[in-house]
Every structure is written in C-alpha cells, then in structure tokens.
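Please load the model in the viewer and keep the selection panel open. The stops below are meant to be followed in order.

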Number of protein chains: 4
Amino acid sequence: MTTARTIAVAGASGYAGGEILRLLLGHPGYRDGSLSLGALTAGGNAGTLLGQHHPHLVPLAHRELTDTSSERLAGHDVVFLALPHGKSAEIAAALPESTLVVDCGADFRLTDASAWDRWYGGEYAGHWPYGLPELPGARAALSTATRIAVPGCYPTASTLAMAPAVAAGIVSPEVSVVAVSGTSGAGKSARVDLIGSEVMGSVRPYGVAGAHRHTPEIAQNLGAIAGTEVTVSFTPVLAPMPRGILATCSAPTTATAEQARAVYEKFCADEPFLHLLPAGSLPQTGSVIGSNAVQLQVVVDADAGRLIAFAAIDNLTKGTAGGAVQSMNLALGLPETDGLDTVGVAP
Amino acid sequence: MTTARTIAVAGASGYAGGEILRLLLGHPGYRDGSLSLGALTAGGNAGTLLGQHHPHLVPLAHRELTDTSSERLAGHDVVFLALPHGKSAEIAAALPESTLVVDCGADFRLTDASAWDRWYGGEYAGHWPYGLPELPGARAALSTATRIAVPGCYPTASTLAMAPAVAAGIVSPEVSVVAVSGTSGAGKSARVDLIGSEVMGSVRPYGVAGAHRHTPEIAQNLGAIAGTEVTVSFTPVLAPMPRGILATCSAPTTATAEQARAVYEKFCADEPFLHLLPAGSLPQTGSVIGSNAVQLQVVVDADAGRLIAFAAIDNLTKGTAGGAVQSMNLALGLPETDGLDTVGVAP
Amino acid sequence: MTTARTIAVAGASGYAGGEILRLLLGHPGYRDGSLSLGALTAGGNAGTLLGQHHPHLVPLAHRELTDTSSERLAGHDVVFLALPHGKSAEIAAALPESTLVVDCGADFRLTDASAWDRWYGGEYAGHWPYGLPELPGARAALSTATRIAVPGCYPTASTLAMAPAVAAGIVSPEVSVVAVSGTSGAGKSARVDLIGSEVMGSVRPYGVAGAHRHTPEIAQNLGAIAGTEVTVSFTPVLAPMPRGILATCSAPTTATAEQARAVYEKFCADEPFLHLLPAGSLPQTGSVIGSNAVQLQVVVDADAGRLIAFAAIDNLTKGTAGGAVQSMNLALGLPETDGLDTVGVAP
Amino acid sequence: MTTARTIAVAGASGYAGGEILRLLLGHPGYRDGSLSLGALTAGGNAGTLLGQHHPHLVPLAHRELTDTSSERLAGHDVVFLALPHGKSAEIAAALPESTLVVDCGADFRLTDASAWDRWYGGEYAGHWPYGLPELPGARAALSTATRIAVPGCYPTASTLAMAPAVAAGIVSPEVSVVAVSGTSGAGKSARVDLIGSEVMGSVRPYGVAGAHRHTPEIAQNLGAIAGTEVTVSFTPVLAPMPRGILATCSAPTTATAEQARAVYEKFCADEPFLHLLPAGSLPQTGSVIGSNAVQLQVVVDADAGRLIAFAAIDNLTKGTAGGAVQSMNLALGLPETDGLDTVGVAP
C-alpha cells in the first residue's frame, strides 16, 4: 500500500473552503485512507476551531485553523487555495513544483495580461491549466498538471451552456448571458447588502455592463472554443437562495431546434456531469444542490432568430469546490468522479 | 355631494382580486365614501367568506363571495375582472357600455387577431384601450375609456424598461428579455410545481423560446412605439419570492451611456411612478413591494455593443392591480395616483 | 389653521427609522401638511443620502442624513429615537420637556433598576410611559405623555398574546414563550451570522434560557397585569423571512376552550388593531406584513392542561415603528389609527 | 459472493420515497452491488418516469414507476413503504414474513389502540418495532426485525431532544414542544396553502392543542422512557424553508445546567448521529440538511425553573428516509451508518 497523500486547504473558514472539505470527507480516498487532511488554514479566523465556522462539518469540528502561509502549506501533496484574489501567486511560488496546487481564486485564470489589468489590476501572475475538464483538450492538460486554476462559478455555467453551440459554429459570436445566482457566490462576508433582510424577497442585478470580473473569463473560454473573438454581454442577478446558478445564454442563430439539440447531445454524450434534459424539460437549480451535476437545455426561438441555452449548477460545488476536486482527481490519476455526486439534495 | 360610485370585483378570491381590494381599501375615494365596494364574486369559492382566502384583508373578512355572473356584476359603476383568460368577453358584453370595465385578463390586450389565435386560441374578442398610462398617447385614450385591458405583468416591466430606448430609436429592433418573477404571478393555483418545497431554494425558467403568452404583447407594445416590427426573445424565470419582477432587457446599440441616460431621463421626467435611479444604482424588486413604483436603470456595454435596461416592479401591484387602479383613476377623472403608493414595504 | 408639527427621526438609516419614515409618509397628517419631516439623523451614515439606505423611500431619496445630536434634534415637536440601546438618555435629557420624545430603544422600558442592571448594565435611566396602548390604563398615560418608551418587538407580541388570559386570571403565572422572528429584528447589521446564505433555509434559536433582554420586559408586563410575579421562559427563534413574529405562548390552565375564547373576545372587542381570528383559524405572519394589526388566537389543550395563545405581528410595524406612531397619535391627540393599516401586504 | 439483495420502494414519486432513493444511491451496498433497486411504485403517477418527479435523481431518471400493489412489491428482500396513512397494513400482510418491510407511514407506530382510534381512526393494525435506534433497547429489537415502523419526523426530533432528561428523571413529566418545520413535511401535495406564495415570508402554526397526529407518538415515546405517563403539549409551526425541524422542548426541572449537560453527554456519548453541541452553541437546521445528524443542546432557565432542550434534524433524512435506512442497516446486519452522512449541505 502506498502512503496516503496529504491535503491542505487554505481559506478553510470560507464557503469555498468549507465545500472542499465537505466533498473530501465523502471522497472514497478519504474514506479508505489514501487521502488525508493536513493543515486547514485561515486568515483572520486562524486560531479558532473549524466547528465555529462550519457547524455542518461535524467530523472536523475540533480541528484548529492555523494561519495561511506557505510554511503551513508546505509538505502536503495537494494544496487547495480558497483565498481572496491576489493572494495565491506568492504562496504558490513558495511551494514545490511537485505539489499539486489547485487555486479556486482568479489569479491564474486569464490568459491575457491586458484583461487581467483591466478587470483585476495589480501584477499579472500568468495562467495555469484551466479546471474545466469538459472543454476540448482540458482533460489531457489537467492529467499532467501540478498547478490548476479553477474556473469562476458564472464562467462554469455560462461556458458549459454555450460551448456546444459555439464549438459547432451554429451561433454568431455575440453572446448574451443573464445568470441568476444564490448568495453564497458573494462569499461569507459581513456586508449589509448581503444580510438576509436585504436579500430575501428580492432580486437585483449587480456588476452589469461588463463590470463583473467573470465577463472576460467567459469571453476567453468561448473565444478559445470558437477560434475567434466572442463578445459577451453578461448580467449577474442575485436571487434569494443560498446556492445555485441558472445561466440563460443566447446568441443569434439560423439553426433549427433539432440541429441545436443534436449538437448538444453529441457534446454531452460521454460527460459524467453534463445532463442534457429531455426536450421539454428545463433545468432548475434546486435539482443540483450539493452535487457536481450540470443540467443543460437548448431551445431555438425561430421568431427572434436566437438560440437559448440554459445551465443550472451549484455554484459552490461544480462552480467551485466540485470543479476543484474533479480537477484534482484528474491530476492525481484518480477516477474523475470520485467524491462527486450527480444527485442533488432536493427538495 | 355626488352619489358614491360602486365597484364590483370578479375573481376576488385570487391574488389579483385580493390586491385590487387591498388597494381600494386604501384609496382616498373609499375612505371618503365616494367609492364603495359592491359585489365580490368568485368561481369555485362562491359562498365562502373573503377572510378565508385573504386573511390580510381584515376589514372585509366577513364579506361573502357570490358567484361570478353578469347579473351579479350588473348595476355597478366599475367592474374589475380578475378572471382566467377567455372569461371576460361574455361578461363584458352583458354589461352596459357606461359601466367602466377593467379587465386584468388577456382577452382584450392583443390588437392582432392572428397573434391571439397563435398564443391563446379560441375566438378573438377584439382589443380595448391598453392600461399602461406611461405609453405615448395612453392617458388620452384611457381618460375616455369605459373598457380597459390591463397589461400583463411581464409586458408592464419589459415594455417600460425598453420603451424609452425604442421610442428614441437608439436600439436595433431586436430585444432580448430575461425576466425573473416571484411566484404570485402564477396565481393561487394548487399545482405541485408551485408548492413551497419546490420553489424555495431554486430558480427555473419556463415558457421559453416564445412559448410564454406575454411574448406577443411585449412585441406589440414595442412595435407600436417603434413604428416598426420589433422581435422579442423572452425568457421568464421563476424565483423563490412571493412578489416582484426584475426585467433585464437588452438590444444592440451604438449609443453611449450618456445618450442612453438622457433618453431615459426625458421619458421618466414627469411620470409619477417611473423612478430612474441615480447612475450607479440598480433596481431591486424588494424596494417596490406593495407599491405602484417602477424602478428603472439603463446602462450600455460598449464592448458588447448592447444597451441593457432594467425594470423592477411588483407584479401584483404595478404589474396587475395597481395598473388597473391607475387606469380606473384616469377613466373616472380622479387623480392618477390616488390609492397608489410609490413607497414599497422594505425590507 | 395651526402651524405644522415638525418631526425628527434619529437613526433614520436603520430598519426602525426607515419604517417610521414609511409610516409617516402615509400618515394623513403628513399628507395634509399638519405634520412635516425635519431632521433625519444617523451615526456612521451621516452625510449620505437617505436613498442610499432605503431605496424604497422614493419621496425622501434626496434627503441628506445629518449626525445624531441633541442640537440637530432640537426645535422639533416630535423626536423619534431609533438608536442602539444606551444612546437615548443623554439626548432626551437635552431636549425640552415639551418635545414629544418617542424612544424605540430599551433605555426607558424597565421599571426595575435591578432588572436593567442584570440584562443591560450601565446606569439605569428610569422609565417612561410604555407605548402599548392595548394594556390596561395605557391610553390614559400615553395621552398626556411627552416621553414614551416603545415596547420591544417580542414583548409586544408575547404580552398581547397572554394579556387577556393573565388579566382574567385563567392561567397559572408560569408562562412559556417560543417566538419565531424574521431577521429584520436583528437590525441592519453587517454580521456574518445574519447574511442571507446563513439564514435562508435554516431556523435557529438564540438568546435562550432567559439570556434575551426581552425576557424581563415580558415578565414585567404580565406581572403588572396579573398583580403578581409571573415567570417567563422565553426562547426566540430566527426564521428565514425579513419580517414578522409569531409568538406561541402557553401556561397551565383549568379553563375550557370556551371560557378562554370568551376572555379573549372581551379583551379584543374594541381594539382597532387586535384581531381575534374565528375559531379554527390560526394567525400567520404573512397576513400582517407592513400593517399594525395583531392576529390572535387562543386554544386549550385539555390533555396537557395548558392554554396556548398565538400572536402574529410585523416586528417592524406593530413591533416597533407602528407602535411608536400609534403612541405618538395618542400623545398628540390625533386619531389613534392615523397612518396605520390593519391590512397587510400579502401574499 | 452472496446474491445482491433487492429493494423496492413504494411511493417513489413523493418526497419520502425520493429521499430513500437518494440515500440508497449513495449507499456502499448499492455502489458495490450487494444492494440493488427493484420495483419503484406509485399511485397516480404509475406509468410515468421517475425523472419527471425527481429531476435530481439523475441515475434513475429513466426508471418507470409501476403501480403500488403487493404483487409488484413481492419478491424483494427489502420493501420500503412511503405511502399515505392506512395503506400499509394490507400490503404488508401480503408480503412474506421474511421480507424486511420498513414503513414510513403511521400505521404501525402506536402501541395503544385507543390512541390510534382517537388520532387516526379506522381499524388498528397493531404495532411494529419502532425505528428510532437511539432509544433504550431499540437496536436489539431492530436487529432481528422484519417489520419496522419508522417514527414521524416531529417525534424523532422531540423524542431525541427530551429522551436524555426524561430517562434521567430530571424533569417533571409535563413536556411542552414547539417545533418549527420546513414545508416538505407536508408532502408533495397540490394544496393552495402550501404553494410558495403562501408559505414564503410567513410562519404559521397548525394542528395545535393536540390536534396533530404526532402528539400521541411523542407522548408514547417519552412515557415509555419515563416509565410513567408524560403529558405533551405540542405545537407545530410551518416555516419558509423546504427542509428541517427545530424542536424546542421544555419541562419543569430543579436540575442545574451542569447536571443537565452531564445527562445529555452520557446519552449521546456513543451515538453516531447525535451531536451534543459545545456549551454556548445552538442547533440550526441549516447544518443538518441532507444528513442523518441530530444536533442537540440543553440549557436550564433557573428563573423559570425549566429545562429547555433543542434538536435540529432534516425532516426528510433523519426524520424519515434516513431513519428508515438506519433501521434497515440494523435489520440487515450492515454497519448502522452505511449510506448516512453526518455532514449536512451548508450553507
């Protein structure tokens, strides 16, 4: 028997860190001892117990959070980074090349330094293999990677919704996305505009007209698939639910509904997490909560001349921590679906 | 002093009927006795007390619901119809021309018989003055009307969001709408897909690709404003909240943000219920609950070449019952804002 | 015509302050000009516009918030204080005796200095006439008051639920209260445990076993009615909704259901805001949102030998700002119900 | 290798049936092939696909529902019954004694025929071993059972909250329970009072004063533990969330907080699903969603002389389907925790 691989999670008191831990606790590798949990680190919460922040993670309630530093994270086989943007580069640089570093932040997602400069600013750190295995060529790149940039939650949903149509060339490269998200996407932040009294019973857009930092990431993904520039009009909308993203994506088309469906069926055929619903059914976020599943549907509005594609994901699972674990599985040579459900908790 | 006008409400046990009654109870005419409530009718709920269906309407708790028929509704000065589609024509035909009939259903909204045929079917009943006073020429038509077709909730939000841009000719006539709605828009219906366990914690689209019957109504409104055909791609999305619609509408533009804002400022300048938010603020449905206010914002995404306009309304108030009362006020020569708040109940 | 009375609101950017303003905007005195709004003050939000904090208060969007100080608040006829506990005494002391000061905080609620010391601490400021007009003798006291202590939200619901039974002596003086509240009762505070992601989809108790500061206030109210000490076991529970309190209160009884109902009917008979529901109906918070109504019901569990009384209120309206306006009306000699609805916004 | 055991689920289109299937899909026995799924049956939904009713159960989407009959259910090793009350007895009688029948309905829960008669009516079918393994003696009984009556959701939470105190004799036998539940406890029923518009933003009691059928079950459980009659005042409250029960239970005590805590620590010490939280922490339903965990806390209100115990569970998991699977595991000689998580999906 081989020695167990050890895993560290930086940013363990936040939502992404907590979800990574939830998934790892259910991972067959954790259960059989071939994966084990090492350092759990935090920023301001260092020195407290994990159970204070994640009372649902009962088996880890008594684990103490240490501070986030490359020293604490050194010596592990896998390091998940669930940190604020801009914090990953320095830590990653201090870790050996052989350590698998899976970054849930944005630092290494963008391939274009000028896009980084416009949407994030600060020094451009470069880009890493992108943790969306369903994209063309991604699995090969991830299987040999020791550095992985996990996609943003909106880009995961929006890219997967439009990728089949864009790849098949059946839409014009002008994509509109309106994506409705639960509140956990905004993180575990003490902000007045996020308190329950403000968000319950209300929906509101934010970061409109290209202001949201996920805009260039969606455009980058779709552009790479199309082999040409794709413009993306992206509007995120906050809805009164903790989890879930429903992306409604559209673009001009001359394809028929049947042609569109055929394209999506082919794209999803062998994908363990992509579920193209039967014609007539539409995705709902409630069906994928806690799972790594992506529910997809495509329709054509012939009057308006537009293809409309929908994707429903759990923003914390497939949109963050599940994508991270899926990528880790590939990089470690484990079965891609280990520890990842396709069955959501519903209702 | 003149005799009080009497008002009947058909469909009083449903959400639209209940909201009409809530607004009338706070109407200055009701408070000073110049408006009084006559028959309250229902279908299957005839013979029960209003309080069983609307425990919030305390002052009317003991009023008995009678059956919905032209006999019961005859003899009133104003009759509100809040009935299933297809039920209004026969009743209206049996009421005197002098009775003000305000129909919250779809029967008399569409000006095009073929659109009626395609989206509703059955005999086309014709069309009545359209109860959206903010549209060009609408107030003049409504002030002399004795028959009024109240707009649908989505058309109210979507039309008002795009009307300024369409009227000013600053967008191409290809409009995309993704509108997120609370559940009361689906009515007080015992349907499994509407029970709380199904809708809470989840968002889902429905009636996509032009299937929703509000699609031709939006196209009709915008086309009339534009003076040319406007295509509308319309996607309604159900969100876990009782009330509210947020319409996110977009179309290709070459206008600048400043040009767009100027157009919207002019359109909203003298409108009592249209509130163009300060630049940088975005509408939220939570701010307009129970009120007749419409919160608007317009932005331009120069990269994508699209103007994006937002409208937030309460679907039951401005989107149905408030629009109905506003239209009644105009038709009766009362101040347009009587009984209608601009202040929502928040948080 | 007399000069308009001017009203100041301290703490205008919070939920209680916002709700006071919402009610005043709909007050007949404000509409006819006999009441007018003067200073709107805030702590850290001084210098900002009201619209930034309360986008629903459209008519006041452009009013600037000034700092909260006795100088700013001087020169008004009425001053509402919606401040953190402990802030009212000094300000009130600096205002003339003739100014009507209505305090929504706890500073002047408790009649027992030792209770103040135990639950709040710091210097005991004394007590003012208690703004719960439905209690025996309260209207007389309030009609001549120039200082009023508005009850807490839980004490309003719990006291009104049990007052009839306690006053009639049909229960033993050992009351249990489990009260489920919406989140706005916790204020507009940037706390991680209040963000939507934490509160949606979850209920949790807090401040249990007498730790909540409303415990002695409930005991004080019921004890005064009973003329003897009443013990109160009080458990508040946070529920995923913005507004509303449902208090479930019980105590040992030997009375029959009929006797209990008769007692409640008598108590509520002439009360404009107390609505004892028909036998078989039960209160729900959704029916009273935005209104000053209190929905009540009483039942007897003969097997368990307990009387169980329920009260549903809107914590921000009858539970805070509505109670404050109701008390102001009495103190100013205005009709008690001015500006206060009995009709909630439902669904 | 032994032959796989086959499992049938009757009532598969409802919430309890769906949750049983969700848990079985994640059961190690299902994953290794030693458990397999046979007939999935339904009433009115027979002939439809499971995916139409449970879009989250992706791996079973194409399974067709057959009608519920003893013929369809015969020939399986395990039969789960998730049927309306009164439907189980006839079916169970037709199945061989050797078949493990796990009934999620009420038919075989009550040991007292007169209690059955009063709360349910119809013929009393008798009683089966009760599927709450945490109760004294229960595991032994369940390990040899071929018929199991799964407890109701409220009785699970309420019994576990008070069992330690009652067993230790530190409370008087007069228990008050106020239990707040999510809406899935009411089933997947097309009822107007359960639609999202009615339940969101509102809490309401129902089935008060002993009217709820879970009242005698709680009294039976606590009475058996106490060895004497225990009166139970039970008030269920519906809250706007899909899942979860928080039971707030109290009874007179003279014990100290420390004594109470010691009693609970001892009771929970070796229980895999009972989690007594650290002193100062309180249970929340959001922490146990989708899991079989029970979060417990006990406090003493010395002023009121009452012990207050809290339990938070997921009503569909530990409260129904999880309890059923836990009982099945015991009866089949499998590890009790197989397929059952202690980690909820949060936030």
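How many residues does the contact take from chain C and from chain D? Select both chains of this predicted model: the contact takes 44 residues from chain C and 45 residues from chain D.

**Stop 1: the interface of chains C and D**

Display the surfaces of the two chains. Together, chain C and chain D bury about 3,200 Å², and 64% of that area is on carbon and sulfur atoms. Next, select Val203(C), Pro205(C) and Ala209(C): these residues supply 15% of the area that chain C buries against chain D, more than any other three residues.

**Stop 2: polar links across the interface**

Between chain C and chain D, eight residue pairs are in polar contact, with both residues at pLDDT 80 or more. The rule also finds two salt bridges across this interface. To view a salt bridge, select Arg118(C) and Asp303(D), whose side chains meet at 2.5 Å, N to O.

**Stop 3: the elements on the side of chain C**

Return to a cartoon view and colour chain C by element. On the side that touches chain D, the elements of chain C giving two or more residues include helix H6 (113-119), helix H9 (196-199), strand E7 (174-181) and strand E9 (231-238). Strands E12 (294-301) and E13 (306-313) of chain C are also among them. Which element gives the largest share of this side? Select E9(C), which contributes six residues. Colouring by residue class divides the residues of this side of chain C into 23 nonpolar, 14 polar and seven charged.

**Stop 4: Glu19(B)**

Move to chain B and select helix H1 (residues 15-25), where Glu19(B) is placed. Is Glu19(B) buried or exposed? Glu19(B) counts as buried because its relative accessibility is 1%, against a cut-off of under 20%. The side chain of Arg243(B) makes a polar contact with that of Glu19(B) at 2.7 Å, and the side chain of Thr317(B) makes another at 2.8 Å. Leaving aside residues up to four places away in sequence, Glu19(B) touches Leu316(B), Ala321(B) and Ala346(C) as well as Arg243(B) and Thr317(B).

**Stop 5: an annotated span in chain A**

Finally, select residues 6-143 of chain A. An unreviewed UniProt entry annotates this span as "domain: Semialdehyde dehydrogenase NAD-binding". In the model, residues 6-143 of chain A are 31% helix and 17% strand, and the end C-alpha atoms lie 19 Å apart.

Definitions and conventions: Residues are numbered from 1 along each chain as its sequence is written. Chains are lettered from A and ligands numbered from 1 in the order in which they are written. This is a predicted model: local features need pLDDT of at least 70, side-chain atom pairs count only at pLDDT 80 or more; totals for chains, interfaces and linings use all residues. Side-chain values use heavy atoms; hydrogens and water are left out. Contact means heavy atoms within 4.5 Å. Buried area is the accessible area (1.4 Å probe) that two parts lose on being put together, summed over both. A salt bridge is a side-chain nitrogen of Lys or Arg within 4 Å of a carboxyl oxygen of Asp or Glu. A polar contact is a pair of N or O atoms within 3.5 Å; within protein, one must be able to donate a hydrogen and the other to accept it, and residues adjacent in sequence count only if both atoms are side-chain atoms. Helices (H or I, at least four residues) and strands (E, at least two) are DSSP runs, numbered from the N terminus. Ala, Val, Leu, Ile, Met, Phe, Trp, Tyr, Cys and Pro count as nonpolar, Asp, Glu, Lys and Arg as charged, and the others, Gly among them, as polar. UniProt positions are given in the numbering used here, feature names are shortened, and annotations may be inferred rather than shown by experiment. Buried means under 20% relative accessible area, exposed over 50%, partly exposed in between (1.4 Å probe, protein chains only).
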